[in-house]
Amino acid sequence: MKKDSILAYDGSFEGFLTCVFQTFEQKLNVTAIYTEDNIQQDFFSLPEPVITDLKKASRVKQALKTKLDSGGRRQLYFSFLSELPGIELQLLQYIQLVFNTNNFSTGDYGNPVILRISQTSKMVSREKHRMEAFVRFMLTKDEIYFAHIEPDFNVLPLILPHFESRYADQKWIIYDLKRKFGLFYNLQETNYISLDIATRVFEKNYQSSIYSVSEIQFKELWQQYFKSTNIKSRKNLKLHKQHVPKRYWKYLTEKSSLHN
Amino acid sequence: MSFERIKEKLDILADAAKYDISCSSSGSKRANKNKGLGNSDGVGICHSYTEDGRCVSLLKILLTNHCIFDCAYCVTRKSNDIKRAAFKVQEVVDLTMNFYRRNYIEGLFLSSGIFKSADHTMERLVAVAKKLRLEENFNGYIHLKSIPGASDELMLEAGLYADRLSVNIEIPTISGLKLLAPDKKYEDFIKPMQAVKEGITQYQSERKIIKSTPKYAPAGQSTQMIVGATGETDRDVMYSAAYYYKKYEMKRVYYSGYIPVVDDSRLPALGSPVPLLRENRLYQTDWLLRFYGFDIRELLNEQHPNLDLDVDPKLSWALRNRDLFPLDINRAEKRLLARIPGIGMKSVHKIIQARRFRKLNWEHLAKIGVALNRAKYFITCDSSHWEKRELSSERLKGMILQNSSGKFRKDHGTQLMLFS
């Protein structure tokens with residue numbers, strides 16, 4: 001039997017698929033997969049660096065297409081974007097199941113690996129939906145609608161199509177402060193960008209330098225609406241927090257000034 | 001326009017609109033045309049939630065709270081001494097566009113007090129929607145109120161711009177309506193409903209022949225009933241709801257626990273608690289009708305005119321129909337799985353898929369997400385353990401209540417009976 005291997009890759013989905021390719025090609029017994037900047041040193045074995053290879057990645061994608069329906073492939077990609085510790089190894093086990101089982105089905109919920117991936121992708125899909133709801137744009141003086149977020153999972157690639165088709169007639173940026181990259185739509189197409197803003201976005205001076213007075217007024221109108229549409233005699237803070245968990249409050253126009 | 005004045009109007013007219021509880025933005029597919037603004041992809045989005053836990057999906061406002069009617073339950077009735085305001089058509093258009101561009105909302109829910117006449121009011125509502133669609137190229141969601149008594153022609157036009165139309169029946173019984181809204185006629189509520197239903201049917205059949213037929217109220221129509229204002233039974237409420245679902249093909253019926261807004265001897269006193277638990281049970285019943293294949297007569301009838309507040313309506317039904325249980329999880333057909341307490345439709349689908357590959361046991365069911373604290377008394381699975389005692393329904397209910405917690409339990413703790 002081959003000895004255990006640990007793989008290290010660049011963190012991209014293609015990089016992960018290259019790990020999958022290598023595992024099958026060399027019949028490795030993989031015990032852990034880490035991203036390069038998150039390597040856990042193991043006393044007995046050194047991590048083996050895997051260099052992302054788009055050709056190998058696309059061969060894995062092609063092979064998955066023949067064995068896994070679009071719903072299953074979606075679950076795979078969504079789960080990968082969860083960035084949860086150990087998710088790569090779980091996904092590898094899942095892919096091994098896909099290729100080694102006759103009549104593999106994503107509905108075999110009695111199998112713990114399959115149930116786990118189904119549940120993880122559901123979590124990511126909830127976060128995607130939350131971000132489609134919780135993004136709050138502010139119009140900058142140079143006519144760009146700007147929003148910053150810090151999602152639990154890496155959902156920016158997933159929310160791109162939604163915002164692109166909805167806000168087709170305005171320029172906008174959605175920036176992920178945690179992962180330090182963003183989406184910029186320039187009226188033609190959406191590109192990935194990186195900005196150096198993380199420390200300043202919450203500063204009052206910085207805000208008044210990039211937003212106009214009318215923007216602050218719209219913010220106030222929205223806050224007014226939020227207050228007026230509430231029914232006090234039905235107050236239910238537990239339910240409120242369940243729907244809008246506290247960790248998102250600082251990005252929500254209607255919640256932020258009330259609790260700063 | 002003055003910012004302070006707009007803010008004040010927004011305060012008054014959002015405050016007056018909030019008792020209309022529908023905030024749904026789902027069920028309509030509208031693509032973004034010619035690089036305009038907005039779309040609806042059929043899935044609603046709740047952009048925020050107020051402190052009462054309700055979803056904020058649409059900018060929900062009245063065009064005006066001036067009203068010529070004097071309905072006892074309504075905060076904007078003419079005899080109530082409150083601040084009045086009115087938006088101009090363009091002001092509503094501007095607010096909607098600006099809120100939408102900032103991703104605050106999915107669209108607009110526009111209602112109104114009735115000024116001058118029903119038609120006059122409906123005309124203005126339609127004007128807002130028309131302007132948004134034709135001048136601003138707005139493809140977000142629009143929900144318009146059908147004003148009772150509005151003409152069929154206006155209702156037909158409204159459906160061309162709005163995704164959803166609704167008229168609130170408010171009082172579930174005709175006798176209650178006579179008592180609390182003496183100026184309104186039952187027929188006035190029904191007329192716009194009928195017009196919209198006919199519009200939907202007509203456009204759908206034309207669409208089958210000519211693909212380019214415009215959409216007509218693609219998210220259908222809905223209505224709302226106030227509960228707890230006139231002493232009606234749950235049976236009255238739900239039989240009415242079942243009637244509207246069937247007769248007018250409603251997409252949704254909403255139930256709104258009465259919030260005392262006025263001192264009136266015909267109504268519960270100011271400060272009476274909102275019947276939240278009852279409202280919750282009515283919604284559960286509504287779901288059982290729409291998604292679980294129940295007939296309303298199974299849940300509410302002459303012997304059981306009101307829902308059980310202690311336990312959910314499905315459990316309550318199961319406790320009255322013990323002869324159907326236990327069901328074998330690995331064999332029972334879908335329709336029957338849906339009737340097991342503690343198993344929702346999502347679990348039903350998961351069970352049906354998963355049991356094709358292996359027999360499911362208690363552990364599988366727990367992981368799939370079945371609420372075993374209720375379900376375990378009504379099922380058998382791939383295990384030699386199941387409830388073998390002959391328990392009376394009363395005893396069973398007591399055991400389930402003891403081993404579970406309910407979100408309303410602290411308010412109703414005194415209603416529980418203790419079982420050994």
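Two strands are taken to pair if DSSP finds at least two bridges between them. Helices (H or I, at least four residues) and strands (E, at least two) are themselves DSSP runs, numbered from the N terminus. The structure described here is a predicted model, in which local features need pLDDT of at least 70, side-chain atom pairs count only at pLDDT 80 or more, and totals for chains, interfaces and linings use all residues. Residues are numbered from 1 along each chain as its sequence is written, while chains are lettered from A and ligands numbered from 1 in the order in which they are written.

**The sheet of chain A**

In chain A, strand β6 (residues 172–176) and strand β7 (residues 181–185) run antiparallel and are joined by five bridges. Within this pair, Trp172(A) stands opposite Tyr185(A) of β7(A). Both strands belong to an open sheet of five strands with mixed pairing, in the order β4-β5-β6-β7-β8. The edges are formed by β4 (138–139) and β8 (190–193) of chain A; each has a single partner strand, so one side of each is left without a neighbour in the sheet.

**Chain A as a whole**

Chain A contains ten helices and eight strands. Its C-alpha trace spans about 70 × 40 × 40 Å along the principal axes. Of its 260 residues, 32% count as buried; a residue is buried if 20 or more other C-beta atoms lie within 10 Å of its own, exposed if 12 or fewer, and partly exposed in between, with C-beta atoms placed from the backbone.

Helix α8 of chain A covers residues 213–228; at 1.5 Å a residue its 16 residues should span 22 Å, and its end C-alpha atoms are 23 Å apart, which agrees. The expected span is 1.5 Å times one less than the number of residues. Phe218(A), Trp222(A), Tyr225(A), Phe226(A) and Ser228(A) are buried in this helix.

At the interface, 40 residues of chain A are in contact with 43 residues of chain B, contact meaning that the C-beta atoms of two residues, placed from the backbone, lie within 7 Å. On the chain A side, α5 (112–134), α6 (156–166), α8 and α9 (237–243) each give two or more residues. The largest share, nine residues, comes from α8(A).

**A helix pair in chain B**

In chain B, helix α7 (residues 234–247) and helix α8 (residues 276–291) pack at an angle of about 35 degrees, with their axes 11 Å apart. Axes are lines fitted to C-alpha atoms, for helices over the stretch in contact, and angles run from 0 to 180 degrees between N-to-C directions. The contact is made by Asp234(B), Val237(B), Met238(B), Ala241(B) and Ala242(B) of α7(B) together with Leu282(B), Thr285(B), Asp286(B) and Leu289(B) of α8(B).

**Backbone features in loops**

Most residues other than glycine have a negative phi, and most peptide bonds are trans.

| Residue | Phi | Loop |
|---|---|---|
| Asn103(B) | about 65 degrees | between α2 (89–101) and β6 (107–111) of chain B |

Glu83(A) counts as partly exposed, with 16 C-beta neighbours inside 10 Å, whereas Asn103(B) is buried, with 23 other C-beta atoms within 10 Å. Pro326(B) is found in the loop between α10 (313–320) and β11 (327–328) of chain B.
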